Amino acid sequence: MLRFLSFGSGSSGNCYYLYTENFGLLIDIGISMRRLKKYFTDYGLHMSDVKAVIVTHDHADHVKSVGQFSALHDVPVYATALVHEGIATNYCVRKKIPQQQVKTFVKGDSFDLGPFQVSTFDVPHDSKENVGFQISFGGKVFCLMTDIGHFTEEMQRYVGRAEYLVVEANHDEDMLRRGPYPPHLKERVAGDRGHLSNSRCAEVLVHCASPALKHVWLCHLSEENNHPELARKTIELALNKHNGIAIDVLKRCSPSGDCILCP
């Protein structure tokens, strides 16, 4: 059985968990260890089942607790060399990843982690480097891409392969334009190395999603420039011709998305 659970998705901290009965894979750890421990307890999960951590990029809301978790539980952390460099120099990461647990891959690599086959690809963002992950298990294809400045052709191909997709819908363009951010921050968010809007997310899904796509989770919503129902409705209306696709919005500061992907 394969399950997916989000422990937080947004600028307050991102952390996702993909797991089977005996192998757990954390994607990013940008929430506190205290919160992570509580959520594992609440869901009857065991941290001893976590066998690896994979990291998208080095911003604090994705890596704040990755070193602490790795050190406490003796778990390897997989990221590109540039992302590991960013983690090592990020002052928000107080406990660094133990050197023996630093595992690197090159963007574009594919590798196995336990029962999972992991493929990596470039995601444009204003970090040291940012990658998305396609994770296959038992013939099922799960894909996660977040902090997206713009969609590349390669990313669109991965959307087309996905049966289960976690994808950013960060902001509504009108809310961002009229919102409280200063001009330079608005430009950064809307730029081609910033974050993805609801409308652009919807456009890509309409053009790239295959009939195999079963479930979409919208991630990394802005608290100031978006609303969960607005994001969901935007995607839902765009995909109305794709009957049967489940669309959910991942919560910013609490668990959500608990779902069996493969019985």
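Hi everyone, let's start with a pair of strands: β11, residues 164–168, and β12, residues 215–219, run parallel to each other and are joined over five bridges. If you want a spot to look at on screen, find Val167, which stands opposite Leu218 in β12. Please keep in mind that this is a predicted model.

Now let's zoom out to the sheet. β11 and β12 belong to an open sheet of seven strands, ordered β7-β8-β9-β10-β11-β12-β13, with mixed pairing. At the edges sit β7 (110–113) and β13 (246–249), each pairing on one side only. On average, neighbouring strands in this sheet are turned by 20° against each other, ignoring direction.

What lies across β8, β9, β10 and β11? That's helix α5, residues 153–161, and its direction is about 150° to that of β8.

Next, a residue I'd like you to click on: His125. You'll find His125 in the loop between β8 (116–122) and β9 (131–137). Is His125 buried or exposed? His125 counts as buried, because its relative accessibility is 1%, and the cut-off for buried is under 20%.

So who surrounds this histidine? Setting aside neighbours within four places in sequence, His125 is in contact with His57, His59, Asn130, Asp147, Arg188, Arg193, Gly194 and His195. Two of these are worth a look for their polar atoms. The His125 side chain makes a polar contact with the side chain of His59, at 3.5 Å. As for Gly194, its backbone oxygen lies 2.8 Å from a polar atom of the His125 side chain.

Note on methods
Residues numbered from 1 in each chain as written. Predicted model: local features only at pLDDT ≥ 70, side-chain atom pairs only at ≥ 80, totals over all residues. Heavy atoms only, no water. Helix = DSSP H or I, 4+ residues; strand = E, 2+ residues; numbered from the N terminus. Buried < 20%, exposed > 50% of the residue type's maximum accessible area, 1.4 Å probe, protein only. Polar contact = N/O pair within 3.5 Å; in protein donor to acceptor, adjacent residues only side chain to side chain. Contact = heavy atoms within 4.5 Å. Pairing = 2+ DSSP bridges. Axes fitted to C-alpha atoms, helices over the stretch in contact; angles between N-to-C directions.
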